[in-house]
Structures are given as C-alpha cells and as structure tokens.
Amino acid sequence: MERERLEFDVVFVGAGPAGLAGAIRLKQLAAERGREIEVCVIDKAPALGAHSLSGAVVDPRALAELLPDYRERGCPIEEEGLRDAVFYLTAAKALRLPWVPPFLHNEGAFVGSLSKLCAWLGAIAEEAGVNVFPGFAGVEALFDDAGGRVLGVRTGDKGVDKQGRRKGNFEPGVDLLAKVTVFAEGPRGSLLREAAKRLGLFDGRMPQVFETAVKEVIELPEASPFLTAPEAVIHTFGFPLGLHTKGGGFLYRMAERRVALGLVVGLDYADPMLEPYREFLRFKRHPLVAGLIAGGRVLQQGAKTLPVGGWYSMPRLCADGALVIGDSACTLNARRLKGVHTAMKSGMLAAETIAEALAAGDTGASALEGYRRRLEESWLGEELRQARNFSQALSRPPASRVVHLGAQMLSRGRGLVDPMPLHEDCSTLRPGVFREPAPVADLDGTLYLDKLTGVYLSGTRHEEDQPCHLHIPHPELCTTRCWQEYRSPCTRFCPGQVYEIETAEGGRPRLKLNPSNCLHCKTCEIKDPLRNILWNCPEGGGGPNWTIL
Ligand code: SF4
C-alpha cells in the first residue's frame, strides 16, 4: 500500500505534558540558536487534552522554567494558595492527622485540570511552530533494516471495519519519519511496549508497577462547606481500601464551585474480588466525603493508571533515534503524588539533548545518552532518587511499612533495603479467594453513578465498526482457568464495564467485550493475572473526551 511519508527532525508520540513541554522547549532552543527544527506531535485523542487526566495539584517548577510568564499567558489555574489536610478514615469516622508529611505540602502549587493544561500548552506549541496533530494514533514504530534504529512512527489506518476490510472512508496511516522519535504515550504505551521488546529497553530493570485512579469533577451547591474550607487539598487513607491495600482518596477544590475527587488503588492488590470503581463509590459515601460533596452533580468522570515504580523501574531512556519521556519513562514522583512537573521536566531535558544531537549531526544512542545524564543531575533526578523505594514500602504490611517509610525519610530515600524489590501487578492476585463484594448504597444518577453513566460522562466515543482494540490471544482461558481461579477479575478492575461474563448455553460462562466503552486506562493489560489482554490503539480520534479532568 502506498503511504504518505512526512519528514521531521523530531516526532513526539503523545501530547501530554511531557511531549508538549519537550516540543515547546525544542522550538525555544531552535529560536535561540537561529536554526530551524521541524517538530511534530501526534496524539490519539480527538482534541488536545481530551486524553489527559491527573489529580492535579501541579508543582509549577518545570512550568516556570519553560514559560516564566505562564500566568500572563493565561495558564488555567483553578485554585492556589493551597493548604493541606490529611485524614485517616475508618468506616464511620475521619481522624485528621496533626501534621502533614513534608513531601505532601503544597505551598506554591496550584490545582489544575490536566485536560485544560494540555490544551493550553498545545496552543502555545502551535504558536511556536510545532505541527500538532490530534486524532492520530501511533500504531507502529518504524525501524531501519537492521532493526536497531528507530526511524519514526506509522499512524493507524482509518476506515477499517470489524473484519479488517476497508470501508468507503478508508484512509491509510501516514509514515512520520524523524531523526529522533520521542515516546511520550503516558503509562503503558502500546507503541513503546512493542518497540521496547525489540530494543530491550526494560531489560534488567525492575518491573513497571501501577495504580489505577478513578476521578470525577463535581459541581457543588453554593452552600457547600468545601467551598469555604481553609484546606483546598484533602488526602485520605484507610477506608475503603483498608491498610493492606495501597492507595487513598483526594479532594481538590477547583474554580467555578467545582471539586476534583478521586480514589487511587495500587494494582498490586491481592483480592480478586476487589473492584476499584466500587471502592470509589464507597469512598464517596464515607461521611466526611459525602458531607463535603452533598448536593453536588458529577460533571465529568474518567480513569487512568499511574506508573509508580519510579527510579528503579525507569527503562533505558534512549536508543538509536529514540528517547522515552514522562509517564512512559516512569518519571512520576509517587511520594509527592505528582507527575505533571516531572513529566514536563523530562520532556525539556530530552529537548535539550536532542537540540545538541541535531546540531552535531549525530542522533545515535550514545549522542542521546546525555538525556539520562541531564536527568540524573537535575532536580528531577534528585526528586526521583528520594522516592526510589517509596512505592515498594507502601506495598509492605502496615507495621513494616511505617518502619521503612520512616527510615527512608531519614536517609534521603535509601531506607533499610535499597533497592527494595517490586512485584509485577499481574502476579499478586490470590487464586480461589472469593468473597461477596462490599455493598454500595443506592446510585442516584447525579452524584453517585454506575459505570455506564460514568462512561457517558467521560464523553467516550469510538467508531463502532472497527477491529477490536483489545487483543486476547487465548480466549479459551477467560472462561476456564481465569474464571475458575479468579472469577474473571477483568469484569471488576475495568472501570468502563468493557468486560462482562454472560451465561452461555449449558450454563457455561462466556466473555463479552464492549470495547467502545474503553476509557484507555490500560488497567486490564496491567492487572490481568494470565497476561492475556493486550491493549492496542483504536482508530485515532476515539476514546474519552475530557475537558475539565
Ligand atoms: Fe481500562 Fe482496559 Fe477497561 Fe479500557 S478495557 S477502560 S483500558 S481496563
């Protein structure tokens, strides 16, 4: 098939904070040095920011370095001058901690919406001359004949039906060729997954580990106590997950009488019956939370995974013609619950390395290796080193967790064991342990939503007549071993109700897929205990359409 080929100096795959900050920084450097650098950013989302979701309490450090006049340029800030509170929740009570751990302090930070922030950064990138193409999914990394050098990325074909046949509106994908391709797909990128196998980028590293967050933006009534509370940022732990499952809740006050509310669940949980979405509803029903959001109305809902493995999970960051940045490179600081500023900084450091490499006419792995050095020597490296054993400590039983965290605080992250081991999330479910799920009080369709209403409020849309983007290599395992040992946990860990078990003839279970509900969170590929789900990019422009998350 004849495909259009477009050539650039640099292609970023992903228009999140990392990719956009990197593209803007490259254009700044090109202007400073008086040379032209052709930069392209592609994203699978229908519009800029539509697939970007984060807490988000943003540390503006990287933003201020990239755009010192970010306020004057209209950066979308929801709330600032933040004060924090941390609560331990029991089923009926909320106990406020007398002090907030130093790494959770948010003075100088602001509450934002990552969707809005990315749309704003994207406009600045376009103004600077970056070619920004939303609606284009990168589906395949292109390699040279020897297979060791990345030459660019192929975008997905559009207009292909469920059986893989071309429809009347067929458009072949485009080959975007670049001297440097930057993987900025966010957590568990499908393009990086395949490229990394070929390049060995994860070889010898600790496993990637994740948490899943379900988040909503809720409009509050004028009389809501949270609108005038001294603390705009609340974090919780304990109920509903208990102390043996990693995770916690958050409420962040936003502009226009809104609150961002979410629950984060560590995906190394052991209970196959646990359902993050159900726990999210239970969190909302806790008396403290229910009181703060009473009378509210959910405006938007979404879900995403967070890469929390940190320093020891980071892949090899460069290869011939390629770099990895942001959540794809595991730059999130789990200790500070922040990934936006770290993702942006990694993009900026990558841009500085690429500008140097282009000027020298050498974009091989050794020329791009400077990115790793820059990262290690920057404040980003310092932040990540201090958090290098944090997620591992949280995975320990409660008593030893406290000891490990205390030791880490006293030793700049080293702690009692360095490095502490990490275990792949797909390996932690206990087979054969089935319990009745905890009850959830009535859903009202306004403030307490079922999954499908949540999917509706995420704006998720996919072309229905396209190949299924969820690949299950061994479907027979779903209704045999996976059902017998784990009762099909995909039906619970997926926040979009994509997986359902039906009863077929003879009373046998049968898996039914609803891929058009998919929120692109990747939880299924990460948590599936049989590693039998591969998430691939659906047709570009499909998926959630978040605007305020
Ligand atoms: Fe997330 Fe997978 Fe469900 Fe899509 S199918 S919403 S990626 S868990």
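Visitor: Does Arg373 count as buried, partly exposed or exposed, and what is its relative accessibility?
Guide: Keep in mind that this is a predicted model. Buried means under 20% relative accessible area and exposed means over 50%, with partly exposed in between. Arg373 falls in that middle class, because its relative accessibility is 42%.

Visitor: Which residue does Arg373 meet in a salt bridge?
Guide: Stay in helix H9 and look four residues along, about one turn of the helix. The N to O distance for the pair is 3.9 Å, and the cut-off for a salt bridge is 4 Å.

Visitor: What is the N to O distance in the salt bridge of Arg372 and Glu376?
Guide: Those two also lie in helix H9 (residues 370-377), four residues apart. Arg372 is buried at 15% relative accessible area, while Glu376 is partly exposed at 32%. Their side chains meet in a salt bridge with an N to O distance of 3.2 Å.

Visitor: How many residues apart in sequence are the parts that Arg531 and Glu424 tie together?
Guide: The closest N and O atoms of this salt bridge are 2.9 Å apart. Arg531 sits in the loop between helix H17 (523-527) and S24, and Glu424 in the loop between helix H12 (398-410) and H13, so the pair links parts with a sequence separation of 107 residues.

Visitor: How many salt bridges does a search of the whole structure find?
Guide: Side chains of opposite charge can pair when their charged atoms come close. Some salt bridges share partners here, joining Arg25, Glu32, Glu352, Glu356 and Arg374 into one network. Searching the whole structure gives a count of 42.

Visitor: What area do domain 2 and domain 4 bury between them?
Guide: The domain assignment puts domain 2 at 78-110 + 209-306 and domain 4 at 427-535. Their C-alpha centres lie 24 Å apart, and 33 residues of domain 2 are in contact with 36 residues of domain 4. Carbon and sulfur atoms carry 61% of the buried area. The total comes to about 3,000 Å².

Visitor: Which three residues supply 23% of the area that domain 2 buries against domain 4?
Guide: No other three residues on the domain 2 side supply more of that area. The trio is Pro272, Met273 and Arg285.

Visitor: Which element gives the largest share of the side of domain 2 that touches domain 4?
Guide: Polar contacts cross this interface in 17 residue pairs. Elements giving two or more residues to the domain 2 side are strand S14 (210-219), helix H5 (276-285), helix H6 (287-293) and strand S18 (297-307). The largest share is eight residues, and it comes from S18.

Visitor: Which residue forms a salt bridge with Glu275?
Guide: Across the interface of domain 2 and domain 4, the rule finds two salt bridges. For Glu275, the closest N and O atoms are 2.9 Å apart, and the partner is Lys451.

Visitor: Is Leu549 buried or exposed?
Guide: Leu549 lies in the segment after strand S24 (534-535). Among the residues it touches are Ser52, Leu114, Val217 and Gln300. Its relative accessible area is 0%, so Leu549 is buried.

Visitor: What is the length of the polar contact between the side chains of Thr460 and Ser458?
Guide: Thr460 is found in the loop between helix H13 (451-457) and strand S21 (470-471). Thr460 counts as buried, because its relative accessibility is 12%. The polar contact joining its side chain to that of Ser458 is 2.5 Å.

Note on methods
Residues numbered from 1 in each chain as written. Predicted model: local features only at pLDDT ≥ 70, side-chain atom pairs only at ≥ 80, totals over all residues. Heavy atoms only, no water. Domains from an automatic or database assignment. Contact = heavy atoms within 4.5 Å. Buried area = accessible area lost by both parts, 1.4 Å probe. Polar contact = N/O pair within 3.5 Å; in protein donor to acceptor, adjacent residues only side chain to side chain. Buried < 20%, exposed > 50% of the residue type's maximum accessible area, 1.4 Å probe, protein only. Lists of a residue's contacts leave out its neighbours within four places in sequence.
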